[in-house]
Structure formats: C-alpha cells, structure tokens
Amino acid sequence: MILQALHELAERENLVGDPDFEPKRIRWLIEVGPGGEFRGFTCTDREPDVEKNGKRRKARPKPQPGVFEVPLDPKFNSRTSGSYPGPLFDKAMYVFGEILDEKDRTEKKMARAKECQELFHERARSILEATKDEGVAAVVAFLDALAEGQGPAPPEDCRPGDLFAFVYSPDIDRL
C-alpha cells in the first residue's frame, strides 16, 4: 500500500522520467529546416552557479553543456573503441566524419572517421524508414549533403568529445 502511494505520487509529480530516455550533455545543436536546409549551430554551454552551499567559489567553473533527454541506447553507452552510432546524436567524428584534433589526423583515423560517418548516416536512414518523421527526413537530407561534401564543417570551437544533436526548425523546443 505504501509503495502504491509512492508510485502514484511519483507519477503525479513527474518525479520519474520516461524509461526509454536518458539525460545527456549535448553541447551543440544543429538546426535543420525542411529538405535538410542548414540553419545554424547553437552552443548549449551554460555558466554553472558560482555559489556552492552558500559560499562563493574561488575558481570560476567552466561552462557546462546543456542536458537533454535522448533515446536510451545501452549499446551506445557501452561504446568504447568500437564503432556504433548514436540515435540522431553523436560526436563530430560520426556526424561530420572529421577528426578535430590536428595531431590525430592520420590516414587511418581519417578513414575510420568516414566509416563512422557512414554508420551514423545509415542509422539515421533506418530511423527514417521506421518513423517516416519529417524532422528525421530533414536530418537525413542534411547528412546526404554532408556526404557529398556540401554543408558546414563543425564549429571551430568544438572539442573532440562534444556531442551534437539535431533540432528540426518547426520543433525548436525539442531535439
């Protein structure tokens, strides 16, 4: 009886999120419009609170990427050195097929980056096939243009570990 009451409270107060989603720190949003039109990048960095427990911190903390709910994918979360693309969000190597760190731009790593980009593109196509969603269609069109050498390069100030996600222009309030 107590557990049932706690469960009802959690549902009523939205204390339990959707078990099919998880929070991720996404630093870059890629806004696309109909047909895959690139509309820009948005950096989600936010200044953290400078106070902790009522006391001012001495060192200024670094900005932190925004936290967004993304589809839960255990295989993505356990990816270490393997190649497995995220469900419509990932690092620049997967989205753009680029190695951001100059010292890592070897022929072998550049070839792997292109393979990762192809895997990401294939996953986006399979999501489009399953959902027929117009926002996913715009992402696939954007990725088609990138694969053909058209479209933007990653932002200059992005880092190798930054995650990118997509926002479809009519759906500005969600990924």
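Helices (H or I, at least four residues) and strands (E, at least two) are DSSP runs, numbered from the N terminus. With that in hand, leucine 88 turns up in the loop between α2 and β7, and Leu88 is also among the residues closest to the centre of the largest pocket. This is a predicted model, where local features need pLDDT of at least 70 and side-chain atom pairs count only at pLDDT 80 or more, while totals for chains, interfaces and linings use all residues. Residue numbers start from 1 along each chain as its sequence is written, and side-chain values use heavy atoms, with hydrogens and water left out.

**Aromatic pairs**

- The structure holds 10 aromatic pairs, where rings of Phe, Tyr and Trp (its six-membered ring) pair if their centres lie within 6.5 Å, and planes under 30 degrees apart count as stacked, over 60 as edge-to-face and the rest as tilted.
- One of them is edge-to-face: phenylalanine 76 with phenylalanine 89, at 5.0 Å centre to centre and 75 degrees between the planes.
- Phenylalanine 76 belongs to helix α2 (residues 74–77) and phenylalanine 89 to strand β7 (residues 89–91), so this pair ties together parts 13 residues apart in sequence.
- Phenylalanine 76 is buried at 9% relative accessible area (buried is under 20%, exposed over 50%, partly exposed in between, using a 1.4 Å probe and protein chains only).
- Phenylalanine 120 and phenylalanine 166 make a stacked pair, with 6.4 Å centre to centre and 25 degrees between the planes.
- That pair ties together parts 46 residues apart in sequence, because phenylalanine 120 sits in helix α4 (residues 107–131) and phenylalanine 166 in strand β8 (residues 163–168).
- Phenylalanine 120 is buried at 1% relative accessible area, and phenylalanine 166 is buried at 4%.
- Phe120 and Phe166 also belong to one aromatic cluster, together with Trp28, Phe38, Phe41, Phe96, Phe142 and Phe164.

**Largest pocket**

- Two or more lining residues come from each of β6 (66–71), α4, α5 (134–147) and β8.
- By class, the lining has 15 nonpolar, 2 polar and 5 charged residues (Ala, Val, Leu, Ile, Met, Phe, Trp, Tyr, Cys and Pro are nonpolar, Asp, Glu, Lys and Arg charged, and the others, Gly among them, polar).

**Second largest pocket**

- This one has a volume of about 340 Å³.
- It has 15 lining residues, with Lys91, Met93, Ile99, Arg112 and Pro160 the closest to its centre.
- Both α3 (92–95) and α4 supply at least two lining residues, and α3 gives the most, with 3.
- The lining divides into 6 nonpolar, 2 polar and 7 charged residues.

- Most residues other than glycine have a negative phi.
- Leucine 88, not a glycine, has a positive phi of about 70 degrees.
- Lysine 132 also has a positive phi, near 60 degrees, and lies in the loop between α4 and α5.
- Lysine 132 is exposed, at 62% relative accessible area.

How values were computed
On a 1 Å grid over the protein atoms alone, a cavity is a set of points where a 1.4 Å probe fits but cannot get out, and a pocket is an open set with protein on both sides within 12 Å along at least five of seven lines; lining residues have an atom within 4 Å of a point. Grid points are joined across faces, edges and corners, and a volume is the space filled by probe spheres set on the points.
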